[in-house]
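Look over the sequence and the model first.

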Amino acid sequence: MKKVSIFFLIIFQFGFSQEEETKQKPIFSFDHGFSVYLNKHINFGDNFLSEAHKSVIGFGIQKNIVNIYGFAVGVAYEFSAYKVTDKSIVGNIESANYSNFSARVTYDYEISDKFILNPFVGIGGTRLKHNRFSGNANNFGSIGGTSYNAGLYFAFNYSEKMHLFTGVNYSYVSYGVNSAPEYNSFFNNSNQIQIHLGVGFF
């Protein structure tokens with residue numbers, strides 16, 4: 001009987017704690033989270049970005065706007081420079097600039113007071129601008145597409161106002177390139193893994 005009483009006491013205490021935690025977290029609130037990070041693109045598969053380009057270190061910024069039921073909704077911008085490695089595929093150009101603006105939904109899964117997992121998904125617009133020379137000189141035109149992203153961050157709470165994080169995500173981009181039917185898949189899709197390292201502020 002004593003063991004049963006202790007069991008129900010523990011269950012009651014756990015339920016009370018969960019209820020208190022729920023009360024402390026509002027259903028809707030504004031989210032001031034902001035982060036900056038470095039990223040590296042690793043392209044793969046049979047497509048023009050993987051076969052004819054090589055990325056250098058890029059950067060990204062993310063700003064949360066609202067939090068709904070624990071899900072942070074915000075926006076992100078990413079930029080990465082590319083070197084052209086095979087002109088026979090993309091023509092007489094030297095470099096390319098990859099930029100992406102997306103809406104993103106992130107969830108905080110607390111492992112402990114110091115460590116947090118942040119799974120996220122996003123959808124946005126991507127633009128790849130080719131340049132005849134290195135840098136932004138002599139713009140050679142650009143192509144646009146739609147990106148779909150899913151990833152995971154691992155964060156360490158350095159202080160009450162700042163955290164450090166690293167992570168990885170998969171990105172699929174569908175481009176709008178007019179090409180011959182037999183080359184449609186090669187020039188209209190890209191697959192990449194992105195590696196991130198950054199700092200965030202609450």
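Which strand gives the largest share of the lining of the second largest pocket? Strand 9 does, with four residues. This is a predicted model: local features need pLDDT of at least 70, side-chain atom pairs count only at pLDDT 80 or more, and totals for chains, interfaces and linings use all residues. Residues are numbered from 1 along each chain as its sequence is written, and side-chain values use heavy atoms, with hydrogens and water left out.

**The second largest pocket**
- The pocket holds about 190 Å³ of space.
- A pocket is an open set of points on a 1 Å grid over the protein atoms alone, where a 1.4 Å probe fits, with protein on both sides within 12 Å along at least five of seven lines.
- Its lining counts 11 residues, each with an atom within 4 Å of a point.
- Phe48, Val90, His130, Ile143 and Phe187 lie nearest the centre.
- Two or more lining residues come from each of helix 3 (87-90) and strand 9 (139-157).
- Helices (H or I, at least four residues) and strands (E, at least two) are DSSP runs, numbered from the N terminus.
- By type, the lining has eight nonpolar residues, three polar and no charged.

**Strand 2 and its partners**
- The covered face of strand 2 (residues 34-44) carries Ser35, Tyr37, Asn39, His41 and Asn43.
- Its uncovered face carries Phe34, Val36, Leu38, Lys40, Ile42 and Phe44.
- Strand 2 pairs antiparallel with strand 4 (residues 58-68) over six bridges; pairing needs at least two DSSP bridges.
- Leu38 has Phe59 of strand 4 as its bridge partner.
- Strand 2 also pairs antiparallel with strand 11 (residues 189-201), over 11 bridges.
- In strand 11, Gln192 stands opposite Asn43.

Notes: Points joined across faces, edges and corners; volume = space filled by probe spheres on them. Nonpolar A, V, L, I, M, F, W, Y, C, P; charged D, E, K, R; others polar. Buried < 20%, exposed > 50% of the residue type's maximum accessible area, 1.4 Å probe, protein only.
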